[in-house]
Amino acid sequence: MSARGPLALAILISGRGSNMAAIAESCRRGGIAARVELVISDRREAPGIGAAEALGVPVTVIEAFAAGGRAAHEAALAAAIERSAAGLVLLAGFMRILSPQFVAHHRGRLLNIHPSLLPKHRGLDTHRRALAAGEREHGASVHFVTAELDGGPVILQGRLTVAPGESAASLAGRVLRLEHRIYPRAVGLIADGRLRLEQDAILLDGSPLGSPLIEEEAHGAERACG
Ligand code: GRF
């Protein structure tokens, strides 16, 4: 925890919210020096809303349709984030593409988690596409968000070996369990003041991170490669 107290987080969701819950639980346990100040869902029916309520985390719904279109929606999101005084904004299964203006405004304090080893398999349906491509390794990536979709600097990747005959569903489950480890870990590094984005480079303990940190599925082992 820094002298300023725990880092305040705003988490944007559209669906299940399991990454949001993993982060909120890690905050509650004291695993990371952060607190979830606000969860925002852009879908009223998102199961993650109930999950946030069950965790005692403030949650609000801001729907694009109700806000009156994309620009008004983003303005409403930005205003809610501003009011929450969040120092870090986490996209966690948030299914809207944010405008370059929104992304630029939050640059360096906007993260996303993506279910592939970026830069491989940007976009949707990553597990099926990884299998179709015959990948031997797959996983998930936590990255800073830039205007390029799923293209920002990658902080940390959770990596697994694809099993023979593996289905997309089993891969999805294994990757999700990795996500629940790596997203809190990446947030923790930022909350501890150890990691930040400067220009286009990630700095870890003051030095450029040459390649993403890696967390292996098998033993929770992590290393910096490259
Ligand atoms: C995760 O697979 C994440 O990588 C992707 O959307 C999914 C969200 O799952 N961006 P959940 O809502 O956190 O359970």
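**Loops, a pocket and a ligand**

Trainee: Where is proline 208 found?
Mentor: Proline 208 sits in strand S10. Strands here are DSSP runs of E with at least two residues, helices are runs of H or I with at least four, and both are numbered from the N terminus. Keep in mind that this is a predicted model: local features need pLDDT of at least 70, side-chain atom pairs count only at pLDDT 80 or more, and totals for chains, interfaces and linings use all residues. Residues are numbered from 1 along each chain as its sequence is written, and side-chain values use heavy atoms, with hydrogens and water left out.

Trainee: Is proline 208 buried or exposed?
Mentor: Proline 208 counts as exposed because its relative accessibility is 61%. The cut-offs are under 20% for buried, over 50% for exposed and partly exposed in between, using a 1.4 Å probe and protein chains only.

Trainee: How many Å apart are proline 208 and alanine 133?
Mentor: C-alpha to C-alpha, they are 32 Å apart in space, and 75 residues apart in sequence.

Trainee: What about alanine 130, buried or exposed?
Mentor: Alanine 130 is in helix H6. With a relative accessible area of 1%, alanine 130 is buried.

Trainee: Changing topic: which residues have a positive phi without being glycine?
Mentor: Aspartate 125 is one of them, with phi about 60°, and aspartate 205 is another, at about 50°. Most residues other than glycine have a negative phi, and most peptide bonds are trans.

Trainee: Where do those aspartates sit?
Mentor: Aspartate 125 is in the loop between S5 and H6, and aspartate 205 is in the loop between strand S9 (201-204) and strand S10 (207-208). Aspartate 125 is partly exposed, at 42% relative accessibility, and so is aspartate 205, at 49%.

Trainee: Now the pocket. What volume does the largest one have?
Mentor: About 890 Å³. On a 1 Å grid over the protein atoms alone, a pocket is an open set of points where a 1.4 Å probe fits, with protein on both sides within 12 Å along at least five of seven lines; lining residues have an atom within 4 Å of a point.

Trainee: Which residues lie nearest its centre?
Mentor: Gly93, Phe94, Met95, Ile113 and Pro115, out of 35 lining residues. Helix H1 (18-29), strand S5 (110-114), helix H6 (126-132) and helix H7 (168-191) each give two or more residues to that lining.

Trainee: And which residues surround the ligand?
Mentor: Arg16, Gly17, Ser18, Asn19, Gly93, Ile113, His114, Pro115 and Glu179, where near means a heavy atom within 4 Å.

Trainee: What lies 2.5 Å from a ligand oxygen?
Mentor: A polar side-chain atom of serine 18. A backbone N or O atom of glycine 17 is 2.8 Å from an oxygen atom of the ligand, and a polar backbone atom of isoleucine 113 is 2.9 Å from a ligand nitrogen atom. Alone, the ligand exposes 360 Å², and the protein buries 85% of that; such areas come from the Shrake-Rupley method with a 1.4 Å probe.

Methods
Grid points are joined across faces, edges and corners, and a volume is the space filled by probe spheres set on the points. A polar contact is a pair of N or O atoms within 3.5 Å; within protein, one must be able to donate a hydrogen and the other to accept it, and residues adjacent in sequence count only if both atoms are side-chain atoms.
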